[in-house]
Amino acid sequence: EKSSRKVEQLLPVSVETFRYDLHGRHLQTVTTSADIVAYCAYGDQWSFEGDLALLKLKAPVEITAAALISEKNFEEVRALDEVVMVGCPDSSEVPLPTTGHVASLSEVRAGIGLMLSQVFGNPGSSGSAVYRFSPERNQYEVIAVHSLTDGRGSLTSLGRGNFLRLSVQAPEIHKFLRSHQLLHLVQPKEAQGTKSAPKKAAKTAKTASTGTKTATKAKKKATS
């Protein structure tokens with residue numbers, strides 16, 4: 001019940017997207033509506049309570065989508081790797097990025113693998129992608145989705161201000177998308193094409209074989 005209240009029974013939600021120039025200067029804020037097309041909750045009130053939701057924007061938005069690191073390439077992620085998160089402080093009209101590093105990759109709550117990051121996030125960081133730059137692919141990739149703060153990193157007894165944050169790791173995100181048959185959304189186009197290649201090759205071979213039989217039959221006919 002508590003989890004269903006979070007998403008208001010999967011009703012459409014309002015989403016803000018932000019456009020920046022190459023120097024990081026804010027250009028435009030676009031507000032649109034989105035449908036929740038996939039949802040999964042983890043744990044309960046006594047354990048880790050987090051969730052993942054996939055939104056489909058109702059209006060097209062001209063932004064560059066960040067790549068989600070593959071399950072295989074996630075093995076490259078190491079403790080002390082630098083990461084970037086985004087949050088929106090009170091009274092700020094636009095999100096602001098903060099940097100930090102991976103503190104641990106071995107956190108587990110409610111059977112879910114979590115990544116612990118040491119980064120001072122802003123209010124609104126929950127739900128932020130956790131970005132890491134890949135020297136191998138020369139691009140920033142999403143390696144996790146921030147879920148909640150870790151009480152071990154509280155700066156005050158009231159819990160305000162926190163430098164330790166837990167995020168759902170990329171392999172769990174792949175598992176989530178796979179369970180909803182939506183994994184194709186994050187697969188490279190060349191990877192999607194490989195599945196149909198063997199069928200196409202087999203069809204071509206069959207056609208070639210048929211052509212050979214036809215040619216042989218025509219030859220016999222001509223001889224007779």
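Is D21 buried or partly exposed? In this predicted model, in which local features need pLDDT of at least 70, side-chain atom pairs count only at pLDDT 80 or more, and totals for chains, interfaces and linings use all residues, D21 is partly exposed, with a relative accessible area of 23%; buried means under 20% relative accessible area, exposed over 50%, and partly exposed in between, with a 1.4 Å probe and protein chains only. Residues are numbered from 1 along each chain as its sequence is written, and side-chain values use heavy atoms, with hydrogens and water left out.

A salt bridge is defined as a side-chain nitrogen of Lys or Arg within 4 Å of a carboxyl oxygen of Asp or Glu, and by this rule the count comes to 7 salt bridges. One of them joins D21 to R25, with 2.9 Å between the closest N and O atoms. In another, the closest N and O atoms of K58 and D35 are 3.6 Å apart. This pair links distant parts of the chain, 23 residues apart, since K58 lies in the loop between strand 3 (50–57) and strand 4 (67–68) and D35 in strand 2 (residues 26–42); helices (H or I, at least four residues) and strands (E, at least two) are DSSP runs, numbered from the N terminus. D35 is partly exposed, at 30% relative accessibility.

R178 and E71 also form a salt bridge, at 2.6 Å from N to O. Because R178 belongs to helix 2 (residues 170–179) and E71 to the loop between strand 4 and strand 5 (82–87), the pair ties together parts that are 107 residues apart in sequence. R178 is partly exposed at 40% relative accessibility, and E71 is partly exposed at 35%.
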